[in-house]
Amino acid sequence: MKKTISKKEIEHVSSLANLPLKNSEVEKFTVQLSEVIDYNISLLEKINTENVLPTAHVTGASNIQRADETQPGLSQQEALQNTKSEHNGFFKVKPILSRG
Amino acid sequence: MELTNLTIKKANEGLKNKQFSAVELTKSIFERIEKFESKIDAFLLLTKELAKKQAEKTDLLISENQSLNTLMGIPVAIKDVIVTKGIKTTAGSKILADFIPPYSATIYESLENAGTVLIGKTNLDEFAMGGSTENSAFKVTKNPWDVRRVPGGSSGGSAAAVSAEMCIYALGTDTGGSIRQPASFCGVVGIKPTYGRVSRYGLIAMASSLDQIGPITKTVEDAALVLNVISGWDKRDSTSVDLEVPDYTKFLTGNVRGVKIGVPGEFFGSGVDKSVKETTETALKRLEQLGAKIVEVSLPRSKEALAVYYLIMPSEASSNLARYDGVRFGNERETFGSEVKRRIMLGTYALSSGYYDAYYLKAAKVRSLIQKEFAEVFKTVDLIASPTSPVLPFKIGERVDNPLQMYLADVLTVPANLAGLPGISIPCGLAQELPVGLQLIGDHWQEGSILNMAYTYEQNFLFSEKPKL
């Protein structure tokens, strides 16, 4: 079955991705994403992957840990040097809670 | 003496023997940039002042008769997706148009410690997403062999700069072919090491399980020399692997007698241009003359490699690029270019609730099958050979609006990334006056074996043609 993605789905994904799109981009991506996903899935769905584990690290490294000790990092000034919205030495972010 | 056409090896000898100074070498590079950069547009930033200081440091050491490292005083161009402390790094994106990194990538620290001279930062497809360098938000780099054509990508600026002799060597990054394919298009050498061989700390991430940094050079020996400096475990990159780094030049014996080269039929299929195929087949015959054994092998799963790649890569990219929210650094998310938006959308879709199992997880499983298939083949052969790119450098603008067609150009390079294998591209001839690259893929950690095969080819069938600028 040919996989098509609806305009509504594209708008939903755009909000999940926090990626504002223009109307023309929504139209364009509706067509292009359908095309690419359909190409990919039409090939992959034919392959039996029962009992196959997914690959995370190609040469098998896993759970690399270090001692839980503090280490020197960026100074406050360095951490802030690229921000455009600073307030009293802090990053200024958009509000995530509003007064009821 | 023409200094800009020197290799690392020759430049190092010249510096040691005091035939010229590091300042003179750097000066001649900048004179060449002055002459040709307007035609090629390889650089996003030139670091002339810094280069002068770094070169003077080398000259001071030489005047004191101190011993000289291989890369000391040698001018390098670095892809602008590798962060350099205090030096603007944009990833070819408007979102990072004025980003000044507060720290350096591990590999840049290694190069600084080795005393190399930074010439500038090179152009790339935005966030390394693309195969033509046309997706850069700032400029389109031209192929020195024909300025109407693309240099390949995403490390197009680095490959074009080496080809046009506007640096002695360069660094690129390779997620699905982004070192090997532009090296092929520009007639130079490019190697993607085994995943985990080189630290990715300070490489602005696209797809973390695929990205790897590597050198773009004029000769195979130079690639080995750079690999010696940038390879190794890094505690700041937990995906790098703690394995001893050999001296890669020790592998360059020029003897390939009895070495088995697997040639997968799938890599010479219908999508490969006739002229590319013929040139590569001639190269394989030449390797046979030199004593290598050509063995037919089959990698049927490589058919699905592109489909796996175009699910895993955008998924990881969409997650990595979530950090660009305009708070800590960078501009608002609207400033992403078209290809970046497309991949964020693809990846977010593939990871979204209800689709994760069918898309991302399915792709990660097929990826395991692709790896297994390579592992089986490497039980019978020492390395695998194919063309690097199925097509010759294409015309600027020809493929921009057709993502699927653009993605198909990665079909021969993507499998090595999915399996984490090292791969090299070397120029093996011209077709229609454009360079053709031969790709050699080795088993995990077998950089030495592909370097020696490439070196032996180069020593016997030197690619001496140069672009006419």
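B:E433 sits in the loop of chain B that runs between strands β10 (423-431) and β11 (434-442). The model is a predicted one, and in it the phi angle of B:E433 is near 60°, which is a positive value in a residue other than glycine. Is B:E433 buried or exposed? B:E433 is exposed, because 11 other C-beta atoms lie within 10 Å of its own, and a residue counts as exposed at 12 or fewer.

A positive phi also occurs at B:A91, again a residue other than glycine, with a value near 55°. B:A91 belongs to the loop between β2 (75-79) and α4 (106-113) of chain B.

Another loop of chain B holds a backbone feature of another kind. B:G153 and B:S154 are joined by a cis peptide bond, with omega about 10°. B:S154 is in the loop between β3 (117-122) and α5 (156-163) of chain B. As for confidence, the average pLDDT of chain B is 96, and 100% of the residues score at least 70.

Chain A can be taken next. Chain A has three helices and two strands, and their order along the sequence is α-α-α-β-β. How does the radius of gyration of chain A stand against that of a compact globule of 100 residues? Chain A has 22 Å, whereas such a globule would have a value near 13 Å. Along the principal axes, the C-alpha atoms of chain A fill a box of roughly 55 × 45 × 30 Å. Of the 100 residues in chain A, 15% are buried.

The two chains meet through 38 residues of chain A and 45 residues of chain B. On the chain A side, at least two residues come from each of α1 (7-16), α2 and α3 (76-80). Helix α2(A) supplies the largest share of that side, 10 residues. By residue type, the side of chain A that touches chain B consists of 23 nonpolar, 12 polar and three charged residues. For the complex the predictor gives an ipTM of 0.94 and a pTM of 0.97.

One residue of helix α2 (residues 23-44) of chain A is A:Q32. A:Q32 is buried, since 21 other C-beta atoms lie within 10 Å. Leaving aside residues up to four places away in sequence, A:Q32 touches B:R342 and B:P403. A:K84 is 52 residues from A:Q32 in sequence, and the C-alpha atoms of the two are 34 Å apart in space.

Helix α10(B) covers residues 338-351, 14 residues, and spans 20 Å from its first C-alpha to its last, close to the 20 Å expected at 1.5 Å a residue. This helix is mostly covered, with 12 of its 14 residues buried.

Key. Residues are numbered from 1 along each chain as its sequence is written. Chains are lettered from A and ligands numbered from 1 in the order in which they are written. This is a predicted model: local features need pLDDT of at least 70, side-chain atom pairs count only at pLDDT 80 or more; totals for chains, interfaces and linings use all residues. Helices (H or I, at least four residues) and strands (E, at least two) are DSSP runs, numbered from the N terminus. A residue is buried if 20 or more other C-beta atoms lie within 10 Å of its own, exposed if 12 or fewer, and partly exposed in between; C-beta atoms are placed from the backbone. Two residues are in contact if their C-beta atoms, placed from the backbone, lie within 7 Å. Ala, Val, Leu, Ile, Met, Phe, Trp, Tyr, Cys and Pro count as nonpolar, Asp, Glu, Lys and Arg as charged, and the others, Gly among them, as polar. pLDDT is the predictor's confidence in each residue, from 0 to 100. The expected span of a helix is 1.5 Å times one less than its number of residues. The radius of gyration is taken over C-alpha atoms; the globule rule is 2.2 Å times the number of residues to the power 0.38.
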